[in-house]
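Here are my notes for anyone opening this one up for the first time. Have the viewer ready and follow along point by point.

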Amino acid sequence: MALSDYKTALVTGASSGIGWATAQALAARGLTVHAVARREERLAQLAETPGIVPLTLDLRDSAAIHRTMGGLEVDILVNNAGLGRGFEGLCTATPEQIDQTLETNVTSVYHLLRALLPGMVERKRGHVVNIGSTAGLYPIISSIYGGSKGAVHMLGPNLRLELQGSGVRVTEICPGRVATEFFDVAFDDPAAAAKVKDTGIEDLRPEDISDAILYALDTPWRVNISTLEIVPNEQSYGGMTLAPVARD
Ligand SMILES: NC(=O)c1ccc[n+]([C@@H]2O[C@H](COP(=O)([O-])OP(=O)(O)OC[C@H]3O[C@@H](n4cnc5c(N)ncnc54)[C@H](OP(=O)(O)O)[C@@H]3O)[C@@H](O)[C@H]2O)c1
């Protein structure tokens, strides 16, 4: 079940960043790619590439997901749409920041899977690619975003168990920092976004992640790439943080 066996894909969050690069890469390999996002004009621009079919949809609208996905036959589902709101901390986050992050990063993934997986199982052909994050593997002081990506991380292996014997494959890609619009969306204050973006290190490019997605999709049918962690050479994790509490 290599990439050449798949005919159609659905990529969420295709209007920018990793999703844009992935939709382009899949279309270049001859697939029909349903490209999902909210920004219609961006999708129209993307759809100038042959093979890309724009699908304007707010993934926080679960009923719309089920309405729209009903008749679609999809071999590859790339659950990529996502964002991080409330990075300033849970104690100051607004209810909307919590809902927006969890509904986009987690709830919509479940509804998309519910809508599209049964067809894959029936056809005995399918590949789910979930875009997690290193924030779902290690603590980076982001209880809302990190918690949402932690949920994505445990979704994959549980799905693998549920799908045993179906032939449907499940892959999670966990990127570190990628140069996209992610931090511009995360912070309302452009100065705060710039502070997080301008670190002096060379971040990954969206193509680094779409290359990894295509690698996982293109392996022979006997192979399931379960989890891939990909970080910039200049980003690493660990160490010890000590923060003494001021005593009275
Ligand atoms: N950039 C990083 O450093 C990094 C690191 C690790 C993981 N990731 C993950 O990678 C994935 C892609 O992010 P990116 O870095 O490529 O960021 P990005 O450039 O901001 O792209 C995010 C995409 O998600 C879409 N989206 C957001 N809310 C949506 C909604 N309600 N309905 C439909 N589409 C929605 C956006 O489209 P519209 O605004 O047009 O709807 C956009 O296409 C995310 O899951 C992110 O968490 C990113």
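1. The buried residues in question are Ile144, Tyr145, Gly146, Ser148, Lys149, Val152 and Leu155. Keep in mind throughout that this is a predicted model.

2. As for H5 itself, the helix runs over residues 143-162, which makes 20 residues. From first C-alpha to last, H5 reaches 28 Å, close to the 28 Å expected at 1.5 Å a residue.

3. How many of the residues of S5 are buried? The count is 5 of 5, so to speak a strand that is mostly covered. Both of its faces are covered: on one side sit His127, Val129 and Ile131, on the other Val128 and Asn130, and all are buried.

4. Which strand pairs with S5? Strand S4 (residues 76-79) does, in the parallel sense and over 4 bridges. To find the pairing on screen, pick Leu77, whose bridge partner in S5 is Val128. Val128 is also one of the buried residues of S5.

5. Zooming out, the protein has 8 helices and 7 strands. Its radius of gyration is 18 Å, close to the 18 Å that the globule rule gives for 248 residues, so the protein is as compact as a globular protein of that length. The C-alpha trace spans about 65 × 40 × 35 Å along the principal axes. Buried residues account for 40% of the 248. Of the contacts between residues at least 6 apart in sequence, 68% join residues at least 24 apart.

6. On to the ligand. It is surrounded by 29 residues, and the closest are Gly13, Gly17, Arg38, Arg39 and Gly82. Two elements give two or more residues to this shell, helix H1 (17-28) and helix H6 (182-186). H1 gives the most, with 3 residues. By type, the shell divides into 11 nonpolar, 11 polar and 7 charged residues.

7. Leaving aside residues up to four places away in sequence, Ala193 touches Phe183, Asp184, Ala186 and Phe187. Glu181 is 12 residues from Ala193 in sequence, and their C-alpha atoms are 9.8 Å apart.

8. Ala63, in helix H3 (residues 62-69), is exposed, with 8 other C-beta atoms within 10 Å. Ala63 and His111 are 48 residues apart in sequence, yet 8.9 Å apart in space, C-alpha to C-alpha.

9. Lastly, where is Pro50 found? Look in the loop between helix H2 (40-46) and strand S3 (52-56). Pro50 has 9 C-beta neighbours inside 10 Å and so counts as exposed. A separation of 9.2 Å lies between the C-alpha atoms of Pro50 and Gln24, which are 26 residues apart along the chain.

Definitions and conventions
Residues numbered from 1 in each chain as written. Predicted model: local features only at pLDDT ≥ 70, side-chain atom pairs only at ≥ 80, totals over all residues. Near = placed C-beta within 6 Å. Nonpolar A, V, L, I, M, F, W, Y, C, P; charged D, E, K, R; others polar. Rg over C-alpha atoms; globule rule 2.2 N^0.38 Å. Buried ≥ 20, exposed ≤ 12 C-beta atoms within 10 Å, placed from the backbone. Contact = placed C-beta atoms within 7 Å. Expected span 1.5 Å × (residues − 1). Pairing = 2+ DSSP bridges.
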